[in-house]
Amino acid sequence: KVVVGAAIAANTAWMVYGADLRAERPGEASLPASFQIVEAFFVLFFAAELTLKLWVHRLDFFCNVECAWNIFDMFVVAQSIFDLVAD
């Protein structure tokens, strides 16, 4: 949980940095390729974490005490994957 928490904090800082870049460059359509690579790393990391949780917990993933967070997590990861592919 510590590693995932650190990844969430790092991803949040990276998103703030990206918002700052977008604010500085209002006319540009996309961010630099290096930014997109790091963003893809975060998406892959969280997708792998979700996949491992699904593999370990199986159907209990949707029925345990943390099921609301798990489902929320699943939607956030799915939206991140969609955004990554759409860019």
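## Aromatic pairs

Eight aromatic pairs occur in the structure. In one of them, the ring centres of Trp-14 and Phe-35 sit 5.0 Å apart, with the planes at 15 degrees. That angle is under 30 degrees, the cut-off for stacking, so the Trp-14 and Phe-35 pair counts as stacked. The model is a predicted one.

Phe-35 is buried, at 4% relative accessible area. Trp-14 has 23% relative accessibility and counts as partly exposed.

## An edge-to-face pair

Phe-61 and Phe-62 form another kind of contact between rings: their centres are 5.1 Å apart and their planes stand at 85 degrees. Angles over 60 degrees count as edge-to-face, so this pair of Phe-61 and Phe-62 is edge-to-face.

Phe-61 is buried, with a relative accessible area of 0%. Phe-62 is partly exposed, at 35% relative accessibility.

## A phenylalanine cluster

Ring pairs also join Phe-41, Phe-42, Phe-45 and Phe-46 into a cluster.

## Glu-49 in helix H2

Glu-49 lies in helix H2, which spans residues 33-57. Glu-49 has a relative accessible area of 18%. Buried means under 20%, so Glu-49 is buried.

Which residues does Glu-49 touch, not counting those up to four places away in sequence? They are Val-4 and Asp-73.

Key. Residues numbered from 1 in each chain as written. Predicted model: local features only at pLDDT ≥ 70, side-chain atom pairs only at ≥ 80, totals over all residues. Heavy atoms only, no water. Helix = DSSP H or I, 4+ residues; strand = E, 2+ residues; numbered from the N terminus. Buried < 20%, exposed > 50% of the residue type's maximum accessible area, 1.4 Å probe, protein only. Contact = heavy atoms within 4.5 Å. Phe/Tyr/Trp six-rings, centres within 6.5 Å; stacked < 30°, edge-to-face > 60°.
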